[in-house]
Amino acid sequence: MQQTAPELAGPDPLTPWLREIADRHEAARHLPGIQCRGSVALIDEAARLRGIAEVRLGRAISLEREVETRPDRLASGRAIADAEKAQWRALGNADLPDGHGSVDLKVTVGLHGRHVHGGDVISYDAHGVHNTHLDGLAHIGADASWHGPIPASASETDEDTMVHWAQHGIATRAVVLDIPSVRGTDWVAAGEPVTAAELDAALAAAGGRFQPGDGLVIYQGRDRYEAEGNVYPSGAAAVTRPGIGQDGAAWIAAKEPGLVLWDFHDARDNQGGSLEVHNLIYAIGLCLVDNCLLGPAVAELKRAGVSTGFIVAAPTAIHRSTGVLINPLLLF
């Protein structure tokens, strides 16, 4: 997981492409005097009703990877965590002692006669490639601002994306795209980023119907990849990895989803190792739910013969939060 992308001598080649996407979004979606709240603003009553209409069997499945706090399980992954920690510190970020995704849980148990009381205090880093989390607008920005525009300095005092999104309600129709089925492989391989054509094919297989404000659930086979002993590279190393590249990111932006839930992240298959999809957080205010556990859900949906449902992704309303751990629920 060592850094492989060379330092760029000039500007990031993705910058003009992202600027074009951002300009189109601003022309279509930004209104004078009104702060844009990004893709979540596309989730309206009609989108929620579309989602509710997809629930026919009354079943629900969690898309969350378990948050690991058991000491023995954490010890078994210590080598991976240490490698990630070294990568982040090499980039000058010493504030993540255990890398992105670290969780510190302190549990207290009190015995009072026949009564027992339990409590805990938890702290975590919401981001990275480990735990399932929702990225806020204040996660990826440019030119001293977040999408909206919101000044980056607002994060020191009153940035309220997560509160607004929580109160708005992130619940909408969801379309599940199975990329390994389109490819005829077990998972998306590094160096072979998911393309717009493959996303189109997966959407067609799911019924072909998608409207702005709907949710995209993009399965890429990460559960199978990791079951074979592969380690998914962290965000600290700008290496080519399994995921969605520039072509697929442009497709996502054009579809205008209310949110995107995925297992693998950005392919980083470009000259500077830039984040092709995560940069859409700044460009169009994209709501992203990272590190979803999608394999079991996709298998259950196939058994049921469906590819759509109602997705509920309810973040905790925390002022100034850049992201929160989350348990997305897919109902069908």
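Trainee: Let me start with a residue I clicked on: is Arg320 buried, partly exposed or exposed?
Mentor: Arg320 is partly exposed, because its relative accessible area is 42%. Keep in mind that this is a predicted model.

Trainee: Where does Arg320 lie?
Mentor: Arg320 sits in the loop between strand 11 (308-312) and strand 12 (323-325). It also has a positive phi of about 75 degrees, although it is not a glycine.

Trainee: What about Asp143, what is its phi near?
Mentor: Asp143 has a phi near 50 degrees, again a positive value in a residue other than glycine. You'll find Asp143 in the loop between strand 4 (133-135) and strand 5, and it is exposed, with a relative accessible area of 71%.

Trainee: OK, and which residues does the cis peptide bond join?
Mentor: That bond joins Gly148 and Pro149, with omega at about -5 degrees. Pro149 is in the loop between strand 5 (145-146) and strand 6 (150-151).

Trainee: Let me zoom out. How many helices and strands does the protein chain have?
Mentor: There are 11 helices and 13 strands in the protein chain. It has 332 residues, and 48% of them count as buried. Taking contacts between residues at least 6 apart in sequence, 78% join residues at least 24 apart.

Trainee: What is the mean pLDDT of the chain?
Mentor: The mean pLDDT is 91, and 89% of the residues reach 70 or more. Over residues 1-6, though, the pLDDT is below 50; that stretch still has 23 contacts in the model beyond near neighbours in sequence.

Trainee: Switching to charges, how many salt bridges does a search of the whole structure find?
Mentor: The search finds 19. One of them pairs Arg24 with Glu20, where the closest N and O atoms are 3.0 Å apart. These two residues are four apart in helix 1 (residues 14-29), so about one helical turn separates them. Arg24 is partly exposed at 48% relative accessible area, and Glu20 is partly exposed as well at 45%.

Trainee: Which residue does Arg222 form a salt bridge with?
Mentor: Arg222 pairs with Glu226, and their closest N and O atoms are 3.0 Å apart. They are four residues apart in helix 8 (residues 222-227), which puts about one helical turn between them. Here Arg222 is buried, with a relative accessible area of 2%, whereas Glu226 is partly exposed at 25%.

Trainee: What is Arg50 in contact with, leaving aside its neighbours within four places in sequence?
Mentor: Its contacts are Arg173, Arg209, Gln211, Pro212, Gly213 and Asp214. Arg50 and Gly309 are 259 residues apart in sequence, yet their C-alpha atoms are 9.1 Å apart in space.

Trainee: Next topic: which residues are buried in helix 11?
Mentor: In helix 11 (residues 295-304), the buried ones are Gly295, Ala297, Val298 and Leu301. Seen down the helix axis, they fall within an arc of 165 degrees, so they line one face of helix 11.

Trainee: What covers the buried residues of helix 11?
Mentor: The cover includes strand 1 (60-62), strand 7 (171-178), strand 8 (215-219), helix 8 and strand 13 (329-331). Helix 11 is then followed by Gly305, which has a positive phi near 75 degrees.

Trainee: Last one, about the surface: which residues make the nonpolar patch?
Mentor: Leu105, Val107, Val109, Leu111, Val116, Ile122, Tyr124 and Ile318 make it, and the patch is about 740 Å². Strand 2 (103-112) and strand 3 (115-124) each supply at least two of its residues. The largest share, four residues, comes from strand 2.

Trainee: Is Leu105 buried, partly exposed or exposed?
Mentor: Leu105 counts as partly exposed, at 33% relative accessibility.

Definitions and conventions:
Residues numbered from 1 in each chain as written. Predicted model: local features only at pLDDT ≥ 70, side-chain atom pairs only at ≥ 80, totals over all residues. Heavy atoms only, no water. Salt bridge = Lys/Arg side-chain N within 4 Å of Asp/Glu carboxyl O. Buried < 20%, exposed > 50% of the residue type's maximum accessible area, 1.4 Å probe, protein only. pLDDT = per-residue confidence, 0-100. Contact = heavy atoms within 4.5 Å. Arc of directions from axis to C-beta. Patch = residues over 30% accessible without salt bridge, like charges linked within 9 Å, V, L, I, M, F, W, Y side chains within 5 Å. Areas by Shrake-Rupley, 256 points an atom, 1.4 Å probe, with all protein chains shown as cover.
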